[in-house]
Amino acid sequence: MASQGNEKVDSFYENERYYPLSGWSKSMLPFKDPHSFSNRDGTKAADRHSFPLDPHEWKAVHEWRIVINPSTDKKGWRYSIDFRTCDTKYVSTAAKTSLFRRRRWIRTKRRVQTSPRLRPPAIIANRTSPERSYGSSISHATSAPSPAASFALICQPDTNVGRVLEGDKILLPPSILTGLMTKFGREPLPSPMVFEIRNKRARRISHCGVLEFTAPDKSVAILPSWMLRNLKLTPGETSAFTLRPIPKLTDVLLQPLTSEFAERCDDPVRELTNALEKFTCLTAGDSVPIPIAGKTHTFRIRKVQPERKEKRLPSAGCIIDADIKVGFMEAVKKGSQRIEKIASKSNTDTKRQAQSTNRFEGKGPGVKLSANRVIEASEISGKMCPTCRKDIPKSRFALHEIQCMRLNIWCTECNGVIRKVDAKRHSHCKKCGKVVNKDEMQTHMDTEHKLIRCVCGRSFEANEMESHKSLECPRRQLNCRYCSVKVAAEDKAGHEMVCGGRSCTCRICHERVLRRGLGRHMAVVHKMNPSLLNTAEFAGPEEVRNH
């Protein structure tokens, strides 16, 4: 990538090799050659999709074009006897020894001059995060390198928008979703989306999920009020958000602030597990309000155990589709002794199945009972995605539809969904209907459908020739049932008529019998099942040898 001031030039190379029979081709490059589209050195694949254009930062001066100058031919190609990284090794005209050629594609882009006040939050790719830790307070442990997207937003409580956010879901501005889709390009967005929220001033960290990208201001994030208190954020204060994939939880240890919740429900463990359906993840050290039996109770998350046992695992984990064990500590404010009964039940494994309706049992009209909670019939129904034609739950249909429409298209010939990046190369053979790369269609036609003449005089396609030779060809070789000599299929009947009329000597009684009657002789005289015998084995050796 060349740059000059506010302009930059993106480039990649198209490579082809010459084959004596088929000519120039990029679809059958040897292993040691570079990719058909690669960088200048040929060390890795690169094409126009390798250079996504961020509309908030760059504007294309001109789209992709081929470089044509006096050192290239009319189509931009430069020739060499083999792949060379040095441009001086290429010439503009093809010689008899030219077996390799390449041409350069470029696109010039100019930086967009946008006012900082009007510009949406920038999404920055981070490979490492200094001073990163997990839990409610920050330590100086470093994390394993992983791609992430970071941005800063002003945090406001949900009371400012006149709605109550349940669980740990937050509202983000639509510009964040646009930026994430631009950053990930052809890659699917992570699901579920988990963001790390960091308050550097108070050295606090928490994690949350996303309810919608509908925040009223492009620079403001709407958080539940309890989350602001955990992070020690004041309304209007700026905080750092990072898209951070975290492992699933296997164990969580909770401590209620009071034991009152144990007196208000018959099965506190089950009630608590059902209430956690509204959460995406849990962070150790957070104090989380959970509504149980019509009243909100606050629990402090004392310990979480992620799925993978590594030194750099976060003190947080995702509970979507996770098998978790819920444990309890003694209440901070002691009350009823019923908390001990709850602790005795905490070893029961519960599987949280968010947005899943695979296993249900009837529990009254209009209501279905899942493994963890009661789900209304209206929640179960979904909508069919117009792109992939799958039934998607309504709760995540909007986000799925946007992402699926951007990445996929529906193929009417094979009745399946394919990636947009593969659509230009996706094609069907008109003869056999197989999916074949467009660049390899000619090779497919030559190897599968080229007419080949059989020794019998008939012509068949290459993919039918093997079946013809083994089942139908009159010149195929078959064994005579009397002498085991191989003869052509068309001559077998005449051969067996002559061969069966000859006499042979029975190896057991040495009597002379006709070959076609040897089976009946073995059954009647020697009480042997003729279907289990090979006639040639019981004929005398001189008959087979002199045949």
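Okay, let's start with contacts: take those in the chain with a separation of 6 or more, and 59% of them link residues 24 or more positions apart. Keep in mind that what we're looking at is a predicted model.

Now the overall make-up. The chain has 547 residues, and 40% of them count as buried. For secondary structure, we get 12 helices and 36 strands.

Let's go inside. The largest nonpolar core has 47 residues, and the ones touching the most other members are Leu-172, Phe-195, Leu-223, Phe-241 and Ile-290. So what does Phe-195 touch, if we skip residues up to four places away in sequence? Its contacts include Phe-151, Leu-172 and Leu-180, then Ser-206, His-207 and Cys-208, and also Thr-242, Leu-243 and Arg-244.

Strand β17, residues 287-292, pairs with β18 in the antiparallel sense, over six bridges. These two strands make a hairpin with two residues between them, and Ala-293 in the turn has a positive phi of about 55°.

And β18, residues 295-306, has another partner: β15, residues 249-256, also antiparallel, over seven bridges. In that pairing, who stands opposite Leu-254? That's Ile-301 in β18.

Definitions and conventions. Residues are numbered from 1 along each chain as its sequence is written. This is a predicted model: local features need pLDDT of at least 70, side-chain atom pairs count only at pLDDT 80 or more; totals for chains, interfaces and linings use all residues. Side-chain values use heavy atoms; hydrogens and water are left out. Helices (H or I, at least four residues) and strands (E, at least two) are DSSP runs, numbered from the N terminus. Buried means under 20% relative accessible area, exposed over 50%, partly exposed in between (1.4 Å probe, protein chains only). Contact means heavy atoms within 4.5 Å. A nonpolar core is a set of buried Ala, Val, Leu, Ile, Met, Phe, Trp, Tyr and Cys residues joined through side-chain atoms within 4.5 Å. Two strands pair if DSSP finds at least two bridges between them.
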